[in-house]
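Hi everyone, thanks for coming. I'd like to walk you through one contact between two parts of a protein chain, so let's bring it up on the screen.

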Amino acid sequence: MNIERPLMPGFLKRAEQKLLLNNPGIWSTRIQLVLYYGILFILTLAALCFLEPKDVRANSTTEYWIGFVSIISVIGLIVWLIYLLRFNVFKKYGNIKPMHGLVSFILYFIATGIIILFAFVHPVVESIRANIAYGDEEIVRDVNDINFKLGQLEYSLYKTAWRYDTIVLKKSENEISEDALRYSDYNDLDTAKEKPLFFRLDSAGFYRTMSMTDSLIKMNDTMYLMYNTPPFDFVSGYSADDNTKTKVLTAFELFHKIHRHPPAPAAREKISKELNVLLHKYRYSEKLDWGAADVERPGPFARIYDKYQLEPVNSSISNVVVKKYRWEGRWLTEGVRIFYYLTLGITLLIFIFRHSTVRAFFLSLLTGVLLVIFSALLFSFSHFDEIAVYAMFVIYVFLFFIFSLAAWANKKRFAITGIGINLFVFIITILPIVIVGWCRAIARNRHYKQVDTPFDPKGIWDHYFLYAEIGGSLLLLVLLATYIHKVYRRWYSLPEN
Amino acid sequence: MHTRIGEIQSYLQHNDHSLAVRRILDASLDTADMTLLKEAIQVSQSYRQYKETIVPPAFFESAHALLNRINNATERFTYQTTLLVTARDIIKTYAAGNFSLRPISLQIHTGDVIGVVGENGNGKTTLLRCIAGQLALDSGDLDFAQLKEPDHYDIKHHLAFIPQRIPRWYGSLKDNLHFSAAISGVTGEVNNVMVDFMLERLDLTPYAHLTWSQISSGYRTRFEIARILLQKPRLLILDEPLANLDINAQQSILTDLQFMAKSVHNPMGILLSSQQLHEVEKIADTVLLIKNGSCLFRTGELEKTATAFVVELETTASRAALVNALNGQGVLQYNGGFYTITSSALRAQDILAKLVKGNIPITYFRDITHSTKRFI
């Protein structure tokens, strides 16, 4: 073999040789090279990201890294495609096993996935660095300590009058609408009683507001003064306590904790030193890119922010928390979905290209684009509802399937059959999602015709969508092993006209 | 001693070393013994080292030793001719309607070399592509006797088609050869040996590490033949394989193809088209002359209808001198390059004798009585 590739170790050369001689189907996918060079690049990139001279508390630079690394991913993808397109067992009419299509697809998916993963390296490393630098409980504890110590040092603030809203429970729908009402600017009870500017809320809004208020005074059967604690939580936890046992103290909790236990004058110096240590731990001077400095705060509170330079501290905590919990909850789900669908889309295009003629492949792309334009125009001009949109998509899938079946009836290789097969393969994965969407649209329409309560408050349909996503992938894999492999074999080998 | 071994020893004895080495390689392959094949490759490699100089006695010793061992396995040198494909009245008309292939029937067995000749644009490539399953037939049918209920993929796996303009390869040539062998089930060490064998057999070893753009069009044809042969097709279809080859290579490739068709290791049928009429006629079992989409002449059948002897002649003598030499026993035609002499009374050797006797200077003489050439 003529292998003169840089950084290629002996074991990889031997693996290449062995695969070429014994399993040309796997060898031709070049998965072995993508795995080796891809993992090598990921490790190098990860090391670079670890060594990045950027403080964990600073604003994230991950967007720039993703942009830069995406370009490298594109280059990597092109290089892989150049190698991949050199050899094709299927198009050379070699010995292919029934699982050839499925195995090829999985290998293309892995290779594409590794290349796509490049873009995820920096966000992951940044997250790891933040997690190493700051523990989960540590941040919450520090935020509470900072707020507590600030409260102790600025105890006079606790004598500030509380702000309140006057809320009136609406008796009927004919009363003035909520939108037309003004916010009360009055700070004492007497004025409020004399000139009650208030919110008039329906029962749902009223009880929701009441549940969020820190304290209330009942004026009469329908009017309440609802008080909210002043912002004693100078430093925010930015949801850092979502995954911790210790919770970030609210302004109300801080008030109760500090108000009842004023600090001894002798302890102020010690508290101040401890506070400075904590603030220094989080303070990182950087240009604030989200305009935090422009946030309006009540007079005395603004002074505290300036005095202790809390904006950079808040910004740093926000940055650290964002980096730490980037892969938690829905963010993780979204990240996985971006990775999965991007990889799936590229893999499907590669798979189709490898099993189709060049002409049929590009005609399929053109047909796909034209169908999207046609459908968009149709929906725009006909005012189709959601149900019709889903139905139309299902019809498309059905039509493509019928076209693909024609491969068995044809005596010649027609481009239109190839287009049908290609488009069927490309969109079959999302068919279950479309069907679930269709069912949900029907169920929601039916629901709102009968009752006025929110549809699916427990989010059950979200689970169905997740099952449909998984089902779509499984459906594709099953079809690759059964139908798709056979239909391509049949169509591609037909004689031309 | 087996006849084949005797022939090879004769080649060695008369210094036809290159031919002898090629036949040694063929014979060792036919024994289906990997050890013998590896030794044959070594013999070939050692010959290549010295072929520009004096071949050392060690080469002859090893060659003779190997031949003796091969001679002990010659019971394997037999194969049964089997029917590969039957084409019945195949017709093809292009959509533009400007050309039609008229009904043509054909049978190809293992070991057959069938040549398709004719002028450009008369349907040679169309016929080949129809039989290769690349073009849909308008009517008629193709029956591949070796395949049971085949789909088109099976058919295309069963045969190989080498077009006149060979599609570009990517990657190193040797990788391509390994790949071609492997996708046809030739794996592991056998793959290595077979690739080395094919490189030696087609004299390609020095070029194995090169890429497509680094070799000439003639070598591309050779590499394509090597690649296809490694796939062990039962039917090999070649469209104008001689087009890019020099005169020596043409002869060598054609002879090799003739031998390979009758190889015990992988007996196959060969269908090839060419403009090189005489070269093809030399090795083909049957030659089809295609004109305007119809089969005008087929050797072995219509040649019996020849009613006169025909020769081609190139000379510097004047027409009058020729007529005088023939003494009215032949009809003379001149196409600007050479004369065609048709005679119902004189055979080719008689015509030649008369020309020599008439002191006619001859630069080229060919008997085309049984050749398709007389129809062109």
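Chain B is assigned three domains: domain 1 covers 3-76, domain 2 covers 83-298 and domain 3 covers 306-375. Please keep in mind that this is a predicted model. Today I'll stay with domain 1 and domain 2 of chain B.

Let's begin with the distance. The C-alpha centres of domain 1 and domain 2 of chain B are 27 Å apart. Where they touch, domain 1 of chain B contributes 16 residues and domain 2 of chain B contributes 18 residues.

How much area is buried between domain 1 of chain B and domain 2 of chain B? The figure is about 1600 Å², and carbon and sulfur atoms give 61% of that. On the domain 1 side of chain B, the residues losing the most area to domain 2 are B:Arg22, B:Leu29 and B:Arg48, which together make up 30% of what that side buries.

Now for the polar side of the story. Between these two domains of chain B, the count is 4 salt bridges. Have a look at B:Arg201 and B:Asp26, which form a salt bridge with their closest N and O atoms 2.6 Å apart. Across the interface of domain 1 and domain 2 of chain B, there are also 7 residue pairs in polar contact.

And which helices are involved on the domain 1 side of chain B? Both α2 (17-30) and α3 (34-50) of chain B supply at least two residues each to the side touching domain 2. Of the elements there, α3(B) gives the most, with 7 residues. Sorted by class, that side of domain 1 of chain B has 9 charged, 5 nonpolar and 2 polar residues.

Note on methods
Residues are numbered from 1 along each chain as its sequence is written. Chains are lettered from A and ligands numbered from 1 in the order in which they are written. This is a predicted model: local features need pLDDT of at least 70, side-chain atom pairs count only at pLDDT 80 or more; totals for chains, interfaces and linings use all residues. Side-chain values use heavy atoms; hydrogens and water are left out. Domain bounds come from an automatic or database domain assignment. Contact means heavy atoms within 4.5 Å. Buried area is the accessible area (1.4 Å probe) that two parts lose on being put together, summed over both. A salt bridge is a side-chain nitrogen of Lys or Arg within 4 Å of a carboxyl oxygen of Asp or Glu. A polar contact is a pair of N or O atoms within 3.5 Å; within protein, one must be able to donate a hydrogen and the other to accept it, and residues adjacent in sequence count only if both atoms are side-chain atoms. Helices (H or I, at least four residues) and strands (E, at least two) are DSSP runs, numbered from the N terminus. Ala, Val, Leu, Ile, Met, Phe, Trp, Tyr, Cys and Pro count as nonpolar, Asp, Glu, Lys and Arg as charged, and the others, Gly among them, as polar.
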